[in-house]
Amino acid sequence: MHKVIFDTDPGVDDAMALLFLHHHPDIDLIGITTVFGNAAIETTTRNALFLKREWQIAAPVARGLAETLDPARPQADWPTFIHGDDGLGNIGVPGTIDLPLDPRPAHRFIIDAVRADPGAVTLVAVGRMTNLALALKEDPGIAGLVRQVVIMGGAFDVPGNVTPAAEANIHGDPEAADAVFTAPWPVVAVGLDVTMRTVMTRAALATIAEAGGARARLLADISAFYIGFYEGIVDDGMVVHDSCACAYVVAPELFSTRSGAVRVVCGGIADGMTVQKPDGRRFGPSDWDGRPSQSVCTGIDADAVLALIARTLAPSHRA
Ligand code: BDR
Ligand code: CA
């Protein structure tokens, strides 16, 4: 069983990933922490509460940060053209959701949960790395107590998606991502190298919606706008970035990884670029020296991951 805290910026593909974690029998979802990214923090937090209510998720929601670790960084516009004005595909999410938030800020929730169960908690982070970086800053000792950190983020051997250099979750807070990659805890990066190959077709989503009841139908409604964004980028359907990170937690054998220290470029034209120094390769002295080796996903059995996602979202469905 994997005890998971899901750090997220819902977000259409975040919503699918949340339903995956909620349904998967090997996952014990112990908390949802929100971060800005696909929308402002008020919106992503409201969306997390909305999905908690609609899908009857027991895990508490703790609100996270509204801005980058370095507050001097300029805030980019929200990607409404990808996730809609409401962050959930313009389905008309109510303005407020009458459910309580956990009283703690997200980073404190993470620290408390990790310290309460040393060695047991997996952090799955699929938005900006800001909450994780702040948790590390406030309590560096948690690094040795976390089971693993699985992130959706980075573009290692492929172009980025915000700039040619950088992927959105890293580009949105490069200093935070660098702190997460260089901390002494095991990080697995599930980045664009593998997520861009993992495309759920319209037909596959329709089959899930048919087999998966009201929860899956809501997910299909939320996803329609996002599928529109992906027209012209993929042949048919949508890239399921954040669900790939969740799939890694329960089925790492469906991925291949490369080990080595990772640094994030902070500033300049390559702001947010993720660069790995593969273990065993020799270079001159560099800023990668003495940093922990982390795992970067370089390969994926995309068909098997999509089948796992389909089975999990709609348990009666056998892909
Ligand atoms: C990532 O950015 C967000 O738009 C998605 O939710 C995903 O986490 C993909 O680059
Ligand atoms: Ca996300």
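Predicted model: local features only at pLDDT ≥ 70, side-chain atom pairs only at ≥ 80, totals over all residues.
Local features are reported at pLDDT of at least 70 and side-chain atom pairs at pLDDT 80 or more, whereas totals for chains, interfaces and linings use all residues. Residues are numbered from 1 along each chain as its sequence is written, chains are lettered from A and ligands numbered from 1 in the order in which they are written, and side-chain values use heavy atoms, without hydrogens and water.

**View 1. The calcium ion (ligand 2) and its protein donors.** Asp9 (OD), Asp14 (OD), Asp14 (OD), Val126 (O) and Asp242 (OD) lie 2.3 to 2.7 Å from the ion. Donors are N, O and S atoms within 2.8 Å of the metal (3.2 Å for Na, K and Ca); water is not among the atoms, so sites may look incomplete. Along the chain, the donors follow the spacing D-x4-D-x111-V-x115-D. Asp9, in the loop between strand 1 (2–8) and helix 1 (12–23), and Val126, in the loop between strand 4 (121–125) and helix 5 (130–138), are 117 residues apart and link distant parts of the chain. Helices (H or I, at least four residues) and strands (E, at least two) are DSSP runs, numbered from the N terminus. Asp9 is buried, with a relative accessible area of 0%, and Val126 is buried at 1%. Buried means under 20% relative accessible area, exposed over 50%, and partly exposed in between (1.4 Å probe, protein chains only).

**View 2. The packing of helix 4 (residues 106–116) with helix 5.** The two helices pack at an angle of about 60°, with their axes 8 Å apart; axes are lines fitted to C-alpha atoms over the stretch in contact, and angles run from 0 to 180 degrees between N-to-C directions. Helix 4 and helix 5 are therefore oblique to each other, a term for angles that are not under 35 degrees (roughly parallel), over 145 (roughly antiparallel) or 65 to 115 (roughly perpendicular). Ala106, His107, Arg108, Ile110 and Ile111 of helix 4 meet Asn131, Leu132, Leu134, Ala135 and Glu138 of helix 5, where contact means heavy atoms within 4.5 Å.

**View 3. Helix 7 (residues 174–182), a mostly covered helix.** Of its 9 residues, 7 are buried: Pro174, Ala176, Ala177, Asp178, Val180, Phe181 and Thr182.

**View 4. Ser259 in strand 9 (residues 255–264).** At 33% relative accessibility, Ser259 counts as partly exposed. Leaving aside neighbours within four places in sequence, Ser259 is in contact with Gln276, Lys277, Pro278, Asp279, Ser293 and Gln294. The C-alpha atoms of Ser259 and Pro292 are separated by 9.6 Å, the two residues being 33 residues apart along the chain.
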